[in-house]
Amino acid sequence: MGALPVYRWRLAPDGYATRRQLRALGLRPGGQDVAAQLERPRRRRGPLVAYLYRVDRAKPVRPMTPARWAALAKANAARRLCPACRRDAGYVIPAALGTCVPCAYPGPNGSDGSTCEQC
């Protein structure tokens, strides 16, 4: 593959799309190579780069199967489980904390120092 065509921001010809634009159309790149590059200049740093794919070569997004739905539900449930108290926090635990809020910031009221009723 030779050098990629480079287009300025908002000046790419019709028929090219980024991954997000393909997804909005219900498509995916489908194994095709990057067809072009889009550059958005910035003042003090290098340009922002987006890769473009040909829309006519894109394939439809694969539908979610029951097994994929189950795997996604299991992964999301794991993100809600506090590793310290092993309880469902009721929300996705922030990566910066690593535990649920009551475990991350224990108070003086609980037996273990937490204010959490469940902990």
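The following conversation concerns selected side chains in a predicted model.

Visitor: Which residues make the nonpolar surface patch?
Guide: The patch is made by Met64, Trp69 and Leu72, and its area is about 300 Å².

Visitor: Where is Met64 found?
Guide: Met64 belongs to the loop that runs between strand 6 (59-60) and helix 2 (66-80).

Visitor: Why is Met64 counted as partly exposed?
Guide: Its relative accessible area is 34%.

Visitor: Now the aromatic rings: how many aromatic pairs does a search of the whole structure find?
Guide: The search of the whole structure gives 1 aromatic pair. Tyr7 and Tyr16 form this pair, which is tilted. The ring centres are 6.1 Å apart, with 45 degrees between the planes.

Visitor: Why quote both a distance and an angle?
Guide: A pair of aromatic rings is described by how far apart the centres are and by the angle of the planes.

Visitor: What about the accessibility of Tyr7 and Tyr16?
Guide: Tyr7 is partly exposed at 23% relative accessibility. Tyr16 is also partly exposed, with a relative accessible area of 24%.

Visitor: Which residue lies over the face of Trp9?
Guide: Arg40 does, at 5.2 Å from the ring centre of Trp9.

Visitor: A change of topic: is Thr18 buried or exposed?
Guide: Thr18 is buried because its relative accessible area, 17%, falls under 20%. This residue is found in the loop between strand 2 (16-17) and helix 1 (19-24).

Visitor: What does Thr18 touch?
Guide: Leaving aside residues up to four places away in sequence, Thr18 touches Ala50, Tyr51 and Leu52.

Terms used. Residues numbered from 1 in each chain as written. Predicted model: local features only at pLDDT ≥ 70, side-chain atom pairs only at ≥ 80, totals over all residues. Heavy atoms only, no water. Patch = residues over 30% accessible without salt bridge, like charges linked within 9 Å, V, L, I, M, F, W, Y side chains within 5 Å. Areas by Shrake-Rupley, 256 points an atom, 1.4 Å probe, with all protein chains shown as cover. Salt bridge = Lys/Arg side-chain N within 4 Å of Asp/Glu carboxyl O. Helix = DSSP H or I, 4+ residues; strand = E, 2+ residues; numbered from the N terminus. Buried < 20%, exposed > 50% of the residue type's maximum accessible area, 1.4 Å probe, protein only. Phe/Tyr/Trp six-rings, centres within 6.5 Å; stacked < 30°, edge-to-face > 60°. Lys NZ or Arg CZ within 6 Å of the ring centre and 35° of its normal. Contact = heavy atoms within 4.5 Å.
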